[in-house]
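Please walk through the structure below, beginning with a loop and ending at the ligand.

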Amino acid sequence: RERDLIARRERLLGPAYRLFYTNPLHIVRGEGVWLYDPEGRPYLDAYNNVACVGHSHPHVVAALSRQAAVLNTHTRYLHETILDYAEKLLAKFPKELGNVMFTCTGSEANDLAVRAAKAYTGGTGFIVTELAYHGVTDAVSQLSPSLGPSVPRGDHVRTVPAPDLYRSGGQDVAEVFARNVAAAIEDMRAKGIKPAALLVDTILSSDGVLSDPPGFLAKAVDVIRAAGGVFIADEVQPGFGRTGAQMWGFERHGLLPDMVTVGKPMGNGHPMAAMIAKPDIVQAFGRTSRYFNTFGGNPVSCAVGMAVLEVIEREGLMENARQVGASMRRGLEHLAEKHSIIGDVRGAGLFVGVELVRDRTSREPAAQETARLINDMRERGVLISGAGPHANILKIRPPLVFSEENADLFVATLDDALAAL
Ligand code: PMP
C-alpha cells in the first residue's frame, strides 16, 4: 500500500518534494504527542516543532471549527478577530516591537522581512549562517544555503560559520561570530553593496542545534547595526515557548531584534505566520510598498492563533518545556556515560540536540550511524530528525505538552537503538 502511495505521489507531485525515512511513514491521525499509522500503531512525535500544543488539541480544533462556521474570508474587510489576535500576539513581545504583518508561511514572513529591511535601510546585502534555512521563495531560498548549490546566490548574500561551542576549540564564539559578520560586511562593501540585515535563527536549527552560548548574538547585532543594517530574528523554530521559561529564543540572548519572523507552531499545524517589527520599519515599508496577502491574518487563522496562545498560557507549556527539557537532557547525558558515540548533548527547553561522533577525541561526525539510528528509532516508534553539515546531530523537538513519561520513553528507546547500533 505504501509503495503505491509513493508511486502515486511521485506521479502527481513530481520529484522536488522529498519524503522522510528510508521506509516512508504513512500517517492517518494525530493526538497529543502521538501520530498513528493506518494499522493504529502509535509513533511518539519528537520530530517537528509544528504541533506545538499537541496534535489536534481540542481547544484549537473547537476555535477553528467555531470560526469556520461563522466567517472566513480574505483580509480586505474590517473584522475584529485580526485585531484581537494582533493585540494578544504583540503583548508577548517587548513593547518596541509594536507592529505585526500576517502571512501564511514562514517563507513569506522572511520574504516580507527582507523587503522591509531593504526599504528601511536602503541596503541590499544580507548575512546568514552557512547552513541556514529560511524558506522557499526565490529571494529567501538565496538566503537558505542548506538548499545547496541548486540555488545560486548573488553578491548580496554572505554566509558566516554558525557559532559552535562543541567545535570551537576554546575560542570565544561570540567574538569570532561578530568578527565574521564584520568581515562579511567589509566584503560586501568592497563590491559596492550596502548591508541591509543579519538574519539568524535564535537557536541554530539547520546548522545543527549547535552549542551556542546564550548571548553569542549580541556582539554581531551591534556590528550589523553599526553598519546601518538591522537584525532579523528567525523564530520559526524556537518561538512560542519552545526554549522553556521564555516565549522567544532572542530573550536568551538579552537583545531586542529589529524584526522577528514566526510561523510553524503559531497555528499548531494551521498555515499561518507573521513578521513582527519596530513600527518605524513597518512605516518605511508602507511608504514605499503595497502589501496584500489574501489569506494572511484571515479570521480562521486568527481564531486558531488565539487558541494556541491560550493553551500555552493555561497549560503552563513554557514551564513544561523548561522542566521536561531539562530532565530529558539529564537522561541523555546519562546515556552518554554508556554510549561513547554521544559526543555532546545540548539545547534549551524542548529544543534538544545530540551530536554523534565516531571518536570523542577527534570528534569525527558519525554521519552514517546517525542516519541508521533515525530510521531505527522510527521502526521502534519514535520520530526524530537529523541536522548539521554531516547530518550527525539528532534534532529533537517534541510538542510542548511532552510529559516526563514521554521523555523517559524517548530516552529509553534511544538507549535501545544505540545499543543495537
Ligand atoms: N525559517 C526556519 C528557521 C524554518 O525552519 C522554516 C521551515 N522549515 C522556515 C523559515 C520556512 O517556513 P515555511 O516552511 O512555513 O515557509
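**From a loop to the ligand shell**

Between strand S3 (42-45) and helix H2 (58-70) runs a loop that contains Ser56. The model is a predicted one, and in it the phi of Ser56 is near 50°, a positive value in a residue other than glycine. Most residues other than glycine have a negative phi. Ser56 has 14 other C-beta atoms within 10 Å, so it counts as partly exposed, since burial requires 20 or more and exposure 12 or fewer.

Arg363 is found between strand S12 (351-356) and H11. Arg363 is not a glycine, yet its phi is positive, at about 60°. With 15 other C-beta atoms within 10 Å, Arg363 is partly exposed.

Helix H11 itself covers residues 367-379, and Arg372 is found in it. Arg372 is partly exposed because 15 other C-beta atoms lie within 10 Å, a count between the limits for exposed and buried residues. Gln323 is 49 residues away from Arg372 along the chain, and the C-alpha atoms of the two are separated by 30 Å.

The next stop is a pair of strands. Strand S4 spans residues 99-103 and is mostly covered, with four of its five residues buried. Strand S10 (residues 273-277) runs antiparallel to S4, and five bridges join the two. One of the residues involved is Val100, whose bridge partner in S10 is Ile276. In a regular strand the side chains alternate between the two faces of the sheet.

Helix H4 takes up residues 106-121. How many of the 16 residues of H4 are buried? The count is 14, so H4 is mostly covered by the criterion of 20 or more other C-beta atoms within 10 Å. The length of H4 can be checked as well: at 1.5 Å a residue, its 16 residues should span 22 Å, and the end C-alpha atoms are 22 Å apart, which agrees. Just after H4 comes Gly122, with a positive phi of about 75°.

Which helix gives the most to the shell around the ligand? H4 does, with three residues. The residues around the ligand number 16, and those that come nearest are Thr105, Gly106, Ser107, Gly135 and Val236.

Note on methods. Residues numbered from 1 in each chain as written. Predicted model: local features only at pLDDT ≥ 70, side-chain atom pairs only at ≥ 80, totals over all residues. Near = placed C-beta within 6 Å. Expected span 1.5 Å × (residues − 1). Pairing = 2+ DSSP bridges.
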